[in-house]
Amino acid sequence: MSAAIALRLLTAHADGVPARENADNLNIPRPTANKWLAAGRWQAENLATRLSKMPDYAKFRAQLEPLVARLGLHAGALPEPPERGRAKMDALVLRSALEALVEHRERTGGRGRKLSQPALTEQLRQQGFQVSMWTLADWLTADGRLKTPPSSVANLPGFADEGDAILLALSVLGHDDLAAEVADAVPGELKAVSARDIAAALQALADSPQQGLSKACLDQGLPVSITKYFSTSGRPRAGIETVAAMPDFAEHRDAIVAALARLGHHADAASLPAVAMPLRDAHDQLSRQFDGVMQAFAVMRSQPPLSLLDAAHVAGISAQLLAVLATPDGALQDRAAIDDRITGDHALMRPAMAGMLDRLQTSLAGGPEQPPGAAPLKALRLPGAGRAPDRTLIVLPDSHDPGPGAAGRLRQIFYADPQAVRGPRSYAGERPRQALRWLATVLMQQFPLGVEFQCYFHRGMRQIVVSSNVDGVNNDLRDFLAAGGMESLLAGDGQDAATASTRAERHQARLSHAMGDLGNTSETELEEILAAIAERRFQVPARSYGRAQRTVDLHAERRIKDFVEALDPDFDAQRLAGTRRPCGSCAEVVGLPDEGTRGPFWHSQNAQAGTDTESLIARNVAAGIRTSITETRTGRLSFDTNTDSDSDG
């Protein structure tokens with residue numbers, strides 16, 4: 001890469017040339033092109049500084065500076081070119097010398113006279129380096145072999161920035177042994193190398209073994225310092241335990257093993273350290289790959305010589321997961337052995353994982369997944385429309401689904417089960433929960449992106465715990481409540497509940513009226529809830545759910561349960577009140593009694609996280625726990641709200 005090439009790359013990008021075509025036109029690796037076109041990589045890898053160190057940077061700086069600013073890659077002036085009047089060797093000089101030797105070799109095809117020390121010195125001086133011929137002679141032979149100890153190279157000033165290019169140049173010149181020795185001599189880590197990088201590099205090498213590992217790294221935009229751990233042919237070097245200790249090794253071990261096997265290094269693949277599997281990964285993979293796991297066990301049993309790795313490949317599942325679950329002869333590991341191989345603990349995950357293992361054990365044994373006999377109910381799965389997820393209803397066996405697009409579809413499904421349709425009712429005897437439902441509705445009206453709101457009054461803490469389904473909304477909600485936003489909403493006479501035309505208006509009016517009567521009600525807990533609202537005694541869970549780049553909008557009931565149980569293990573699901581009744585998954589997780597009403601099972605990550613939905617559906621069917629649906633005051637059936645009802649007062 002040179003400043004001239006960078007200028008051509010960025011100019012074409014500004015003219016709308018696609019990155020892939022741009023890279024091919026300039027004959028540079030696509031990952032390299034992508035890196036120089038990504039604003040995030042400019043910041044993360046300090047590309048402006050790297051650009052300023054290119055020998056021809058001063059010549060093109062005036063054209064580059066406005067271009068990178070227009071593309072949003074770098075704000076302000078580009079760095080000044082570094083002074084190059086140095087007589088001592090540093091990493092940039094060594095890199096430039098080695099790359100000059102590589103260029104000469106490629107130009108001559110490796111035939112003819114080698115580049116002499118005087119000629120090499122002159123080339124470097126033309127680039128602005130004032131290094132002497134004698135300094136070069138102390139460091140390099142004419143064919144690019146090092147004359148100094150590898151540790152001297154690894155400790156050169158600037159090696160952190162230029163090290164990868166030095167290792168690559170040594171490898172291209174045929175000195176893989178020296179490149180490996182320099183990489184081994186690097187104090188600490190040359191560049192952050194991850195197991196993901198290693199897997200990608202070895203897979204690229206397996207695609208084209210003749211190129212060597214260093215070239216594979218360059219083409220993929222990966223650190224050449226991977227050669228510190230693997231030879232040019234991809235064989236692990238001593239110290240592979242360092243790779244096994246990388247944070248993401250568990251996630252990418254299978255890919256490394258598969259690449260080593262493709263390269264013919266079967267013994268190395270077999271000796272790669274095994275790792276324990278995080279509980280969340282084991283749960284998520286088994287949930288997604290259950291049928292594939294069953295297939296892998298079947299393959300191992302029908303073909304005993306087939307290895308576990310090959311069986312996982314045939315079934316298209318994680319070999320690490322299969323190694324956790326299966327013995328080499330295709331039997332299910334005993335539960336204690338599986339537990340030993342799964343690390344971490346989580347109140348949601350452990351029971352869900354145990355349920356899936358029970359299901360797997362029963363399925364492998366050939367037994368029924370549900371209790372024998374006719375189920376009193378059936379599961380009815382309705383495909384989602386647009387971006388909406390599928391949902392499963394637990395209904396009577398003779399319930400009829402007229403199909404998508406049918407008029408009054410939900411009405412026809414629940415026609416056979418009128419008891420599952422929840423019409424308006426009185427909340428006499430449930431005044432505390434009624435006030436919390438009013439509060440949830442008011443907040444939902446204020447923050448419509450929250451999807452749903454749930455509230456829970458903890459009498460011991462004298463706090464109202466309130467949550468939506470969305471992290472960002474919860475952050476805004478916390479600020480809103482702390483700043484007295486509820487007082488502003490409920491101030492004044494407001495609308496009369498009797499004349500309100502919508503649920504939101506009616507609930508806000510009733511909550512405002514109740515706050516005006518604070519101190520005059522006859523119910524102690526209701527008084528405590530209203531006082532908590534007046535005194536801003538709110539708690540909004542701050543925990544985010546998900547991992548890596550994936551955020552899960554976990555349902556509000558489960559967020560509240562996690563928050564409360566961290567302070568008090570005696571969480572009571574029947575004290576929850578909100579804009580919707582719990583979905584099927586949430587009802588199970590928060591411990592709602594079987595007689596408690598619940599909505600459908602939503603087949604989305606936000607609803608299913610940490611659960612085995614199919615097992616929960618099977619339990620509900622077998623136990624006779626059916627889905628409830630709301631009939632609004634206008635006669636419409638809906639899952640969007642809890643029972644649309646209020647008694648006066």
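1. Buried means under 20% relative accessible area, exposed over 50%, and partly exposed in between, with a 1.4 Å probe and protein chains only. Ser231 has 16% relative accessibility, so this residue counts as buried.

2. A word on the basis: this is a predicted model, where local features need pLDDT of at least 70, side-chain atom pairs count only at pLDDT 80 or more, and totals for chains, interfaces and linings use all residues. Residues are numbered from 1 along each chain as its sequence is written, and side-chain values use heavy atoms, without hydrogens or water.

3. Back to Ser231, which lies in the loop between α14 (213-219) and α15 (241-244); helices are DSSP runs of H or I with at least four residues, strands runs of E with at least two, numbered from the N terminus. Beyond its neighbours within four places in sequence, Ser231 is in contact (heavy atoms within 4.5 Å) with Leu213 and Arg237.

4. On to the aromatics: the whole structure holds 5 aromatic pairs. Rings of Phe, Tyr and Trp (its six-membered ring) pair if their centres lie within 6.5 Å; planes under 30 degrees apart are stacked, over 60 edge-to-face, and the rest tilted. Trp36 and Trp42 are edge-to-face, because their ring centres are 5.6 Å apart and their planes stand at 90°. Both Trp36 and Trp42 are buried.

5. Phe447 and Phe480 also pair edge-to-face, with centres 5.3 Å apart and planes at 85°. This pair links distant parts of the chain, 33 residues apart: Phe447 is in the loop between α25 (431-446) and β6 (454-458), and Phe480 in helix α26 (residues 471-482). Phe447, Phe453 and Phe480 form one aromatic cluster.
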